[in-house]
Amino acid sequence: MHSKTVLVTTMALLGGICFGAALATAQSGSLRQQLVGTWTNVSTYNLMPDGKRIEPQGPNGKGTLMMDAAGHFAWILIKPDIPKFASNNRQTGTDAENRAVVQGALAYYGTYDLDASGKSLLMRIEYSSFANFNGQQQRREIKLENDELTVINSTGASGGTAYVIWKRVK
């Protein structure tokens with residue numbers, strides 16, 4: 001075996017071992033440690049008071065949630081079929097283009113804490129694409145099983161109770 005091949009193989013194995021160890025720590029540590037990382041959106045839906053289910057980002061919504069150990073987060077949900085702007089300038093979208101973006105995307109960031117029971121997340125939202133969230137503190141129920149995180153907001157921005165399901169990326 002060439003020394004270059006041995007080096008690359010060794011690095012790949014060590015990288016896998018390190019990633020596996022970090023993932024095992026995240027999965028077995030405190031709840032806060034388990035939340036730290038990058039998550040990808042699996043499903044987003046709202047259950048309305050009349051029992052109707054809606055999907056604000058559509059059936060194949062995309063998104064990412066990033067949470068760090070210092071208590072910062074960034075939350076982004078996007079409908080994948082948002083239309084491109086004919087003008088190719090986001091400042092000059094048509095009413096229909098702007099409406100599609102507003103209704104198809106939700107992003108916010110801020111800081112978070114967990115309650116003592118580990119069943120809810122307190123999100124302090126600094127800024128959001130939905131300005132009604134700016135400066136708010138919002139409590140979300142959470143459920144974490146293996147690498148799947150469910151965040152439940154009883155006062156969803158699209159009405160009803162919002163369920164956002166995330167899968168750990170790293």
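1. Two strands count as paired if DSSP finds at least two bridges between them. Strands here are DSSP runs (E, at least two residues), numbered from the N terminus.

2. A word on the basis. This is a predicted model: local features need pLDDT of at least 70, side-chain atom pairs count only at pLDDT 80 or more, and totals for chains, interfaces and linings use all residues. Residues are numbered from 1 along each chain as its sequence is written, and side-chain values use heavy atoms, with hydrogens and water left out.

3. Strand 1 spans residues 37-47. Of its 11 residues, 8 are buried, so the rest of the structure largely encloses it. Buried means under 20% relative accessible area (1.4 Å probe, protein chains only).

4. Strand 1 has several antiparallel pairings. With strand 9 (residues 161-168) there are 8 bridges; leucine 47 has threonine 161 as its partner there. With strand 3 (residues 62-67) there are 4 bridges, and glycine 37 stands opposite methionine 67.

5. Strand 2 (residues 53-54) also runs antiparallel to strand 1, over 2 bridges. The two form a hairpin with 5 residues between them. Glycine 51, in the turn, has a positive phi of about 95°.

Note on methods
Buried means under 20% relative accessible area, exposed over 50%, partly exposed in between (1.4 Å probe, protein chains only).
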